[in-house]
Amino acid sequence: MSDYNFAYLDEQTKRMIRRAILKGLAIPGYQVPFASREMPMPYGWGTGGVQVSAAVLTPDDTFKVIDQGADDTTNAVSIRRFFQKTANVAVTEATADATVIQTRHRIPEEHLRAGQILVYQVPIPEPLRFLEPSEVETRKMHALEEYGLMHVKLYEDISQHGAIATAYAYPVKVEGRYVMDPSPIPKFDNPKLNMAAIQLFGAGREQRIYALPPFTEVISLDFDDYPFEPTKADHACDLCGAEDSYLDELIVDDAGGRMFMCSDTDYCTSRRKAGHIGAQGVPYAEDAA
Amino acid sequence: MISIQNVSKSFTLHNQGAAVIPVMHSASLDVAAGECIALIGASGAGKSTLMRMIYGNYLTASGRILVGDVDVASAAPRQIIALRRTTLGYVSQFLRVVPRVSTLDVVAEPLLVTGTERAAAQDIARGLLARLNIPERLWSLSPTTFSGGEQQRVNIARGFAYPYPALLLDEPTASLDPVNRETVLCMVEEAKARGTAIIGIFHDADARARLCNREVDVTRYTPGLAA
Amino acid sequence: MTPLLQVENIAKFYGPRIGCTDVSFDLYPGEVMGIVGESGSGKSTLLNTLAGHLTPDRGAVRFDTRADGQHDGGLRDTVTMSEPERRMLSRTDWAFVHQHARDGLRMNVSAGGNVGERLMAVNARHYGQIRDTAIDWLGRVEIAADRIDDRPTAFSGGMQQRLQIARNLVTGPRLVFMDEPTGGLDVSVQARLLDLLRGLVREMGLSAIIVTHDLAVVRLLADRLMVMKDGRVVESGLTDQVLDDPQHAYTQLLVSSVLQV
């Protein structure tokens with residue numbers, strides 16, 4: 001057992017965060033201000049997600065952390081160890097086994113089910129921030145549902161690039177009311193935002209929490225003649241052969257050789273375990289690092 | 001059509017020692033449809049002043065000025081604007097136009113603001129300009145650089161473009177040669193025949209004799225000059 | 001006939017100082033009202049109060065919203081309207097042309113985006129149509145269509161001002177507020193802008209309230225005129241009458257002060 005209170009935060013703080021979460025769930029897509037605490041990691045390293053996870057974890061939970069889809073990056077490992085130490089919860093890399101999943105910038109490929117909670121790390125919660133720098137003004141725009149400016153951004157993209165150039169953090173309209181930034185997930189993941197699990201979004205530096213209850217209507221913004229397309233690299237995973245997962249591209253030599261592999265490591269590993277092999281893949285070996 | 005009843009006016013020049021200059025006292029005059037009245041009197045007696053008061057360009061201190069059934073002396077600005085558009089025309093002594101507008105459009109404007117199609121309005125304008133001997137090459141130019149006589153003829157063309165029931169003419173033949181003078185007099189006669197009520201200032205006695213049913217000497221309304 | 005705008009006893013104070021007071025007038029469709037006065041006369045305060053940018057301390061500003069089935073023609077007091085309604089009004093039926101184009105434009109958005117924004121704000125969702133409308137409007141304000149993707153920072157002052165006008169008029173407002181629309185522009189640029197404004201006001205049957213210190217501008221654009229001094233209206237009437245036969249001492253002073261060229 002640790003010297004820390006369960007999951008590091010004191011109970012009053014957890015209650016404050018839970019209230020914010022409940023409010024966020026009651027008003028899907030609305031950014032709820034909360035009193036973000038000092039955490040033992042700097043701003044920009046997931047403090048918002050960590051605070052939300054700390055507030056929702058119970059001793060019976062099984063916790064998974066992914067960073068750009070991978071369980072084994074430094075950040076994912078650090079956060080997982082943090083909660084092992086302060087909450088002593090079970091941890092896993094298997095999406096299907098987790099009850100709380102904290103993620104940085106990806107939604108797992110495997111469909112989440114009722115009873116699971118997905119916690120997103122959010123850098124800039126305000127979708128309008130880069131168009132309208134004034135916080136006072138953007139709050140008014142949300143309050144009055146004045147979202148013309150959001151479409152101006154998309155218009156500018158098309159006029160400059162011939163298509164809507166936003167590839168990640170693609171703005172969405174929630175339940176026909178609030179425009180929301182789904183955090184820097186690739187736009188390929190946007191259709192997954194309508195899911196059976198609860199989704200919570202935490203921004204520690206900006207001190208905002210927002211949420212999507214299960215099966216909330218989430219529509220990616222677009223124009224009638226330039227509809228939204230959840231695109232990905234036109235390849236299959238070279239390790240497991242998956243054609244429907246979001247891929248990372250890896251340069252493997254200085255002759256321009258490259259390989260594409262699933263960004264979601266657990267998904268890829270599961271497929272390989274089940275016998276799928278991609279173009280450059282090898283049969284799954286139990287002790288592969 | 002036009003009825004001036006007991007109209008008076010004075011100017012108060014606040015910034016010049018508050019000098020008060022009375023210019024008109026108890027003027028009365030009636031003009032029926034198809035009548036042409038000439039205002040006469042020495043320079044400064046108040047002929048142009050009275051005309052401007054009828055048009056609403058000068059305020060009337062007391063009395064009534066009825067044009068049709070609108071009392072210009074007490075009407076709201078938008079009533080006078082409407083009156084000037086469809087009822088009362090004014091050919092002033094000097095052409096005052098918006099710069100950079102072509103002569104053709106200057107003349108067509110009274111028709112355009114009353115809803116005539118652009119093409120038709122410009123046709124009528126061309127007819128009038130031709131009749132008044134304005135060369136075609138000048139029609140697309142702004143009249144601001146024309147000679148005095150040419151400007152006067154453009155002014156007249158504009159004044160006669162729309163068939164107003166009442167017309168005010170301030171020295172319409174002043175800068176004109178005999179040929180054009182004759183044209184303008186004919187145009188006034190045609191307007192008269194149409195039933196237009198006309199008040200005019202003509203320094204030319206022959207024109208007055210030819211066009212006007214009677215003459216009104218404004219001197220009798222000028223304070224200090226009345227006999 | 002119902003007035004388009006009915007202003008009743010508007011007053012705005014800054015503590016003990018009078019911004020403007022005792023202002024009342026009716027404006028009808030198609031009328032252009034000029035408000036002249038020197039610095040400190042209260043004309044800009046009045047304009048901003050009428051346009052809803054400032055809250056008056058007294059009075060009403062009733063606008064004919066043409067709500068169906070109302071006998072008074074749909075006159076609603078914009079001062080007591082809710083903020084969402086007033087903001088919607090200022091994006092659709094009303095327009096405001098600022099003296100400095102950068103106050104009325106998004107400088108980091110292309111010309112096309114600037115013009116299209118008001119359309120997108122009222123749910124236009126077809127890129128092609130929005131772009132076509134923007135090109136059409138740029139043409140009407142005499143900006144070449146190939147500038148549609150340029151930012152306003154690349155435009156001259158006169159062009160920025162014309163872009164501001166296009167941006168405001170694209171949703172077909174019925175009432176336009178203009179604050180010194182030609183202020184700070186070169187004379188020839190001013191002239192071109194005034195011609196454009198005159199043409200558009202006539203073509204679109206707009207009503208407008210124009211604040212300026214330049215009497216020549218009101219002579220050209222306005223049917224009616226109000227002269228302000230020290231926060232009050234000292235004279236009002238037809239433009240040509242107020243300028244040719246000024247009654248109030250201050251108006252006489254203004255008119256006699258104008259330099260002839």
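The model is predicted, so local features need pLDDT of at least 70 and side-chain atom pairs count only at pLDDT 80 or more, while totals for chains, interfaces and linings use all residues. Residues are numbered from 1 along each chain as its sequence is written, chains are lettered from A in the order in which they are written, and side-chain values use heavy atoms, without hydrogens and water.

Let's start with the interface. Chain C brings 22 residues to the contact and chain B brings 23 residues (contact means heavy atoms within 4.5 Å). About 1,900 Å² is buried between chain C and chain B, with 49% coming from carbon and sulfur atoms; buried area is the accessible area (1.4 Å probe) that two parts lose on being put together, summed over both. In chain C, Leu238(C), Asp245(C) and Gln252(C) lose the most area to chain B, together 26% of what that side buries.

A salt bridge is a side-chain nitrogen of Lys or Arg within 4 Å of a carboxyl oxygen of Asp or Glu. Here are some of them:

| Pair | N to O distance |
|---|---|
| Asp244(C) and Arg52(B) | 3.6 Å |
| Arg87(C) and Glu146(A) | 2.7 Å |
| Arg202(C) and Glu109(B) | 3.2 Å |
| Asp22(C) and Arg232(C) | 3.0 Å |

Both Arg87(C) and Glu146(A) are buried (under 20% relative accessible area; exposed is over 50%, partly exposed in between, with a 1.4 Å probe and protein chains only). Arg202(C) is partly exposed at 41%, as is Glu109(B) at 27%. Finally, a salt-bridge network links Glu137(A), Lys140(A), Glu146(A), Glu83(C), Arg87(C) and Arg91(C).
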